[in-house]
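Let's take a friendly walk through a protein. Have the sequence and the 3D view ready as you read.

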Amino acid sequence: MDADAAAVVEAIRGNDRFMVVTHENPDGDALGSMLATTLALRAFGKDASMYLTGTAPLPAEYGFLDLDGLQRTLPQDLGERVLLAVDCANERRIGEAVTGVEGAKLVLNVDHHHDNDRFGDVALIDDHASSTAEIVRDILRELDVPLTPAIAQALYVGLVTDTGRFQYSNTTPKALALASELVAAGADVHSVFQHVYETVQFAKLKLLARALERAQLYESGGLVISYLLKEDFGEVGAEEPYSEGIIDHLRSVEGSEMVALIREPPRDEGPARRISLRSSHDEVDVSAIARASGGGGHRQAAGFSSEASIDEIVDFLRRQYVQATRAA
């Protein structure tokens, strides 16, 4: 273990009460890592709760995960708990729990984003890991917490989603070995596949249709941009999480190097627009583009929020794409 990993393990051993948090608008790695960490802490004899900021419903495809007890408001005893953040590149992404960063007994930051700002008292950041789930597994191994089927299933969800079903460039030999270990421990591959990839609400298909209809090619086809309006969600009967995964359909366009989906959340609070970015290779670093607007992420998957108009965002993305491809 390196010093940061040893410090996280020691903090877990030496404390009894925890609040596990992850980022807003959580994906599979965020939810899977949060659940696996919580289950493991409880198996280790700890008092552990889960917290997620905001009021937006969770993505329906992760409804099979046992997230009963997930809190959407901060606990009264926060000052007596260790705040353990998983898959959060910066403290802004944990929303109201930023208060917890200041008020918690201790703050542990476990993540695999290369642009993590290392907030907290201990930051265990491994940007070579395929997923935060992979790092969580390493921690559990050091703690001698056995892999139950429930923990293995949660970790597998994080692993399979962040590697794009083991097709993205972060699919390393270690990631594949971990998948084998998790399946042997009880993760149900077929069940995860059915829930995450084959349980699609009809309203989500209608929302996808609108995004595909509006998709435009720019810069000789190297850049693809589409958008979803606030009213689209209501008109097709979709909730905000239904936009999750739509960008991957844009990503498959032949010849595209970078794709973007601009969406207006169907709620009054929060930013006017959220922008998801993907690139097809490391030479176009979308995390750098996201950071230019206060966001962040991975080199090939990132995002940011903006109050600018859709046209202004499109112009910004076109400029950034041209600069990125020239630099490459």
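## About the model

This is a predicted model, in which local features need pLDDT of at least 70 and side-chain atom pairs count only at pLDDT 80 or more, while totals for chains, interfaces and linings use all residues. Residues are numbered from 1 along each chain as its sequence is written, and side-chain values use heavy atoms, leaving out hydrogens and water.

## An open sheet

Look for six strands in the order E6-E7-E8-E9-E11-E10, which make an open sheet with mixed pairing. Strands here are DSSP runs (E, at least two residues), numbered from the N terminus, and two of them pair if DSSP finds at least two bridges between them. At the edges sit E6 (216-218) and E10 (296-297), each pairing on one side only.

E9 (residues 273-279) and E11 (residues 301-306) are antiparallel partners joined over six bridges. Leucine 277 has alanine 302 in E11 as its bridge partner.

## Two cores

A nonpolar core is a set of buried (under 20% relative accessible area, 1.4 Å probe, protein chains only) Ala, Val, Leu, Ile, Met, Phe, Trp, Tyr and Cys residues joined through side-chain atoms within 4.5 Å. The largest one has 52 residues, and Ile12, Ile139 and Leu182 have the most contacts inside it. A second, separate core of 22 residues includes Ile225 and Val286.

Technical notes. Helix = DSSP H or I, 4+ residues; strand = E, 2+ residues; numbered from the N terminus. Buried < 20%, exposed > 50% of the residue type's maximum accessible area, 1.4 Å probe, protein only.
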